[in-house]
Structures are given as structure tokens and as C-alpha cells.
Amino acid sequence: MSLKGIWKSALGMAALAAACNVAAAPKGVAVTVVPEKNALGQNDDVVVRVTITNNSGAPQYIMKARTPFEGMEEALFDIRRDGQPVPYLGAHIKRAAPTRADYFLLKPGASHSVKVELSALYDMSVSGDYQISYKQMSPQLFLDAPGDAGGDNATLVSAPASVWIDGRFARGQKSQVMLDIEAMKQAAAQPSAASLSFSRCTTTQQTTVTQAMSAGSAMASDGDAYMQRGVIGTRYTKWFGTNTSTRVATVKSHFAAIKDAFANKPVTVDCGCNKTYYAYVYPTQPYKIYVCKAFWAAPMTGTDSKGGTLVHEMSHFNVVAGTDDHVYGQSGAASLAISNPDLAVQNADSHEYFGENTPALN
């Protein structure tokens with residue numbers, strides 16, 4: 001593709017220096033991000049090479065979903081344009097609690113590299129200086145011992161790589177993605193008619209999804225009623241940790257929005273996914289939910305249920321709660337509430353388990 005940007009030698013040198021630096025390495029594991037080009041035009045793909053290296057003397061196991069080695073299916077990067085965060089446009093996925101099979105083995109001294117195309121997953125359409133870092137934080141990032149999917153609240157982060165992009169929109173201008181997000185947020189605040197539609201669903205599947213929507217709506221309403229009462233007990237602290245006025249206000253606003261989405265928004269459920277996980281959504285595309293194989297095997301209510309899965313997915317939409325997937329599974333969510341309650345109030349599974357309330361807590 002043609003390069004329309006002007007080569008900035010100082011920028012290129014800074015980018016090379018940044019790419020060669022490595023941030024603090026938990027467990028002796030380090031990650032680098034090196035751009036294929038340091039100056040790009042509006043028609044160029046933004047491609048980087050990600051390398052993860054085990055500098056320790058012991059084998060390390062890294063959660064596959066937190067690496068790009070088997071494809072990009074999560075927000076693995078922190079990307080900023082002129083210091084401002086760039087929206088992630090890809091999917092958020094509800095997975096089961098990780099097992100040993102969900103981890104990638106990196107032997108002592110070994111490195112693994114892969115090229116990743118980022119411009120399809122992040123809004124990089126505005127001209128500017130982009131800083132691209134691989135950044136993952138999760139207690140489940142590393143497998144500490146055989147059979148133990150959990151551990152330190154580790155952060156694996158690269159030094160930022162710099163890329164200049166002459167984009168479709170002028171520097172400082174809002175992209176079409178940002179304008180669309182702002183319009184969706186404004187629309188979400190307005191009264192609308194509730195509806196449920198289907199895509200690629202059999203008649204039997206439509207009946208099941210309708211029941212699951214009812215179950216999820218009941219969970220969201222119950223969670224909202226709990227937060228509205230203002231009496232914070234073990235049900236809250238189990239999944240969101242010690243309460244502060246700020247975190248309580250966040251969870252309260254989240255469940256009010258999740259309840260409203262079930263009750264008043266046009267929801268579409270797509271049944272065509274054949275992946276093994278539960279479901280996924282694109283956070284910038286409300287209110288469409290894609291349900292997958294694990295969803296159909298789940299109970300209607302209770303832990304990791306069909307209704308709870310829909311609560312989980314509804315929380316991901318930027319116009320609802322904008323949650324992320326920091327940990328999966330009840331054990332991981334309960335541990336996150338203790339180790340990092342600020343992340344817990346932004347974790348989708350934590351919202352699901354609070355809504356499901358199984359076993360029941362007050």
C-alpha cells in the first residue's frame with residue numbers, strides 16, 4: 001500500500017528505542033512490541049510484532065486468551081493517540097474458568113513471536129502519534145502450579161512503540177467511530193421500545209433464548225434492587241470487595257443500566273456461533289449478543305447460567321456498563337474482589353455472579 005505520511009526520523013528513532021526497551025517482567029517473562037513501519041498512511045494496515053520471552057530458569061505458563069498467539073480475541077493492547085485512549089472495536093468473550101489446557105507453555109530461555117494487525121481492532125483512523133503497548137493484568141495470567149489456574153495479580157506490559165499515522169480524519173478531529181459511540185450513548189439515554197429479535201436461531205433456540213432473556217432480566221432487576229437499597233452486605237463484598245462510595249456508585253449505576261437494557265432496549269441474539277465458549281459481543285455494537293456452544297449446555301439459572309451469561313454480555317456494551325474480562329470463573333472473581341476491587345467492579349463475570357447470586361448471599 002502507498003505511504004502518504006512524511007517520514008519523521010526523530011519519531012522513528014524514538015520508536016525504535018522504545019520498542020527495544022522491556023518493561024518490568026513478572027516471573028521473568030518479558031514482552032516487546034515492534035511496529036512493522038513507524039510512519040503510515042490512511043490506507044496502511046497497522047502491523048506489529050509481539051514477542052514474549054521467558055528469561056527465567058523455569059517453565060512458565062501464560063493464558064492463551066491473554067496472548068495473540070492463537071488470534072486476537074480480546075483487548076490485549078493499550079493504544080493511545082496523542083495521549084488519549086483509543087477505543088477497542090473487537091469482541092469481548094465469556095469463557096469458562098481456565099484450566100491447564102488454556103495455558104501456553106514457554107520454556108526457559110524461549111521466545112515466541114507473532115505479527116498482529118491492529119487497525120481492524122482499534123480505532124486508528126485519526127491522524128496522530130500513536131503509542132502501542134501490549135498490556136494484560138489478571139490473577140489468571142500465569143499458571144502458578146499444575147492444575148492451579150490463578151496466582152499473583154500480574155501485569156505483563158511492554159514498553160510503548162510509537163507509530164505516526166496520517167489517518168482519514170485530521171489530527172484532533174473526532175473519528176466516525178467516536179461520533180457513533182457518542183450518538184449511541186445519547187440514544188441509550190432516551191426512552192425506547194423493548195424488543196427481542198433473532199439471527200440464525202432455530203425455533204427451539206428462539207424459545208430457549210426468550211426464557212434466558214427473562215431469567216437474565218430477573219437477575220438484573222434483583223441486582224439493581226439490592227444496590228438501590230443501599231445496604232451493602234456479603235453479596236456485594238463477595239464479588240466486588242470492600243465497599244467505597246465510589247465503587248458502590250459504579251456498581252449501582254451498572255446494574256441500573258443493565259436492568260434498563262433488558263427491559264427497554266432492542267436486543268438481538270445470534271445463534272450462529274460454533275465456538276466452545278459461552279458468548280461474545282462487540283462492545284461498540286449494542287445490543288447484539290452472539291451465543292455459542294457452552295451457552296446451550298448451561299442451566300437456565302444458577303452459576304454460569306444462560307440468564308447469567310446474558311447479564312455478563314449486556315454489561316460489556318459501552319452504552320451499558322463497559323465492563324472487561326479480567327478473570328473468569330467464580331473462584332477467580334472472588335479472588336479478584338480481594339486482591340483488586342477496582343478491577344472487580346469492571347469485571348463482567350463479577351457482575352454475572354452478583355446477579356446470579358448462587359449460593360445466595362445477603
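Strands are DSSP runs of E with at least two residues, numbered from the N terminus, and two strands pair if DSSP finds at least two bridges between them. The model is predicted, with pLDDT of at least 70 needed for local features and pLDDT 80 or more for side-chain atom pairs, while totals for chains, interfaces and linings use all residues. Residues are numbered from 1 along each chain as its sequence is written, and side-chain values use heavy atoms, leaving out hydrogens and water.

Strand S16 (residues 288-291) runs parallel to strand S14 (residues 266-270), to which three bridges join it. Within this region, Asp 270 has Tyr 290 in S16 as its bridge partner. Strand S15 (residues 279-281) is antiparallel to S16, and the two are joined by two bridges. Tyr 290 in S16 also stands opposite Tyr 280. S15 and S16 form a hairpin, with six residues between them.

These strands belong to an open sheet of five strands, in which the pairing is mixed and the order is S7-S15-S16-S14-S13. Strand S7 (92-94) and strand S13 (195-199) each have a single partner strand and stand at the edges, so one side of each lacks a neighbour in the sheet. From one strand to the next, the twist averages 25 degrees, where axes are lines fitted to C-alpha atoms and angles run from 0 to 180 degrees between N-to-C directions.

Conventions. Helices (H or I, at least four residues) and strands (E, at least two) are DSSP runs, numbered from the N terminus.
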